[in-house]
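This report looks at paired charges and at one helix. Please have the sequence and the 3D view open while reading.

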Amino acid sequence: MRVMLSDGQMIGLDRFISGVNRFDCVPVPATLEFQVLLDDEMDKLLQENSTISIGDHYLELTIVKRAVKNTGVIKDDKLIVVGAYIAVLKGCESLIVPAKSAIFAEDTSIGACLRAGGSSLKVREDVPLVKYFCALGATPTYEIARMCGQEACVIHCDAQGKIIVKRLSQIMNAEHTLELEKSSIQWIENQAQINHSIPTYQTINADGSTVEGSLKSGVKTSFYPNLDARRVKNLSTVLVTRGTAIRSYSPSLIAGDVILCAGKKYVIVTVAHRFDTGILGAPSVSATKIWLAEVVNV
């Protein structure tokens, strides 16, 4: 795992301890959690709001959390100091803190709502949105995630960090980037998870009539006020995780990629790339874990 600091120098393997780079289909689509052995010079470059770059495409991330620990261990007459950090995709840092002002928009889009929260993200593909509201003090990521549910879409990014907002009805149309054997996947067969995660719906139409989905016994039902029949029906279309797979370190895989298995397509809803150097005595590790999902419409 290559991590470049803001001055252009790389964090060497003699200082890098461990890192987990995650890509998700969520409003903050890329994160990095990592630990390094610090010296005074590196500590100045790894402060909160500092920028780092990772990967072959130099994906930029911003450090949002920093913790420094004195280990009490002395090596080469120097005290070992470990720094632990969490970084998010650059431009997303304003989306994870409470909004400083209320935001209301009509006839807008998911990408426009991301930028309205103060982010500087570049949007490559977008989905229109009827109405968006984020109250003062609310966290924009939660509100945007709710809107994604109403429009049956997900947010992920490409290798350059550009945002892609795609409807679930279209997400499987892309060509697959990898083919896996069925035996290499740990399959998840859990009907209870589906019953809890995919709600049927009730709402009130403009004329005062009740709009209901397919109400079933043992399935979660929720009431959504002020929504039309199209949007509440979209709430019953979601990505459901069907299995996980662990493979050799494959940093080119990102969330939103399509995987082919036994002639059927699945989308990567989450992928985590882990790299541990073992410089503190632990075993070295380099592996990638992927979570595969399919679109389910109840």
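A residue is called buried when its relative accessible area is under 20%, exposed when that area is over 50%, and partly exposed in between, using a 1.4 Å probe and protein chains only. The model is predicted, so local features need pLDDT of at least 70 and side-chain atom pairs count only at pLDDT 80 or more, while totals for chains, interfaces and linings use all residues. Residues are numbered from 1 along each chain as its sequence is written, and side-chain values use heavy atoms, with hydrogens and water left out.

**Salt bridges**

Side chains of opposite charge can pair when their charged atoms come close. Here a salt bridge is a side-chain nitrogen of Lys or Arg within 4 Å of a carboxyl oxygen of Asp or Glu. The rule gives 14 salt bridges. Examples are listed in the table.

| Pair | Closest N and O atoms |
|---|---|
| Lys166 and Glu125 | 3.9 Å |
| Lys264 and Glu294 | 2.9 Å |
| Asp276 and Arg274 | 2.6 Å |

Helices (H or I, at least four residues) and strands (E, at least two) are DSSP runs, numbered from the N terminus.

The salt bridge between Lys166 and Glu125 links distant parts of the chain, with Lys166 in strand S11 (residues 163-167) and Glu125 in strand S8 (residues 123-125), 41 residues apart. Lys166 has 17% relative accessibility and counts as buried, whereas Glu125, at 29%, counts as partly exposed.

Lys264 forms its salt bridge with Glu294. Lys264 belongs to strand S19 (residues 264-276) and Glu294 to strand S20 (residues 285-297), so this pair ties together parts that are 30 residues apart in sequence. Lys264 is partly exposed at 36% relative accessible area, and Glu294 is buried at 14%.

In the salt bridge of Asp276 with Arg274, Asp276 is buried, with 12% relative accessibility, and Arg274 is partly exposed, with a relative accessible area of 41%. Elsewhere, salt bridges that share partners join Arg124, Glu125, Asp158 and Lys166 into one network.

**Helix H3**

Which residues of helix H3 (residues 140-150) are buried? They are Pro140, Thr141, Glu143, Ile144, Met147, Cys148 and Gln150. The cover over the buried residues of H3 includes helix H2 (110-116), strand S9 (128-134), strand S10 (153-157) and helix H5 (229-234), where contact means heavy atoms within 4.5 Å. After H3 comes Ala152, which has a positive phi, near 50 degrees.
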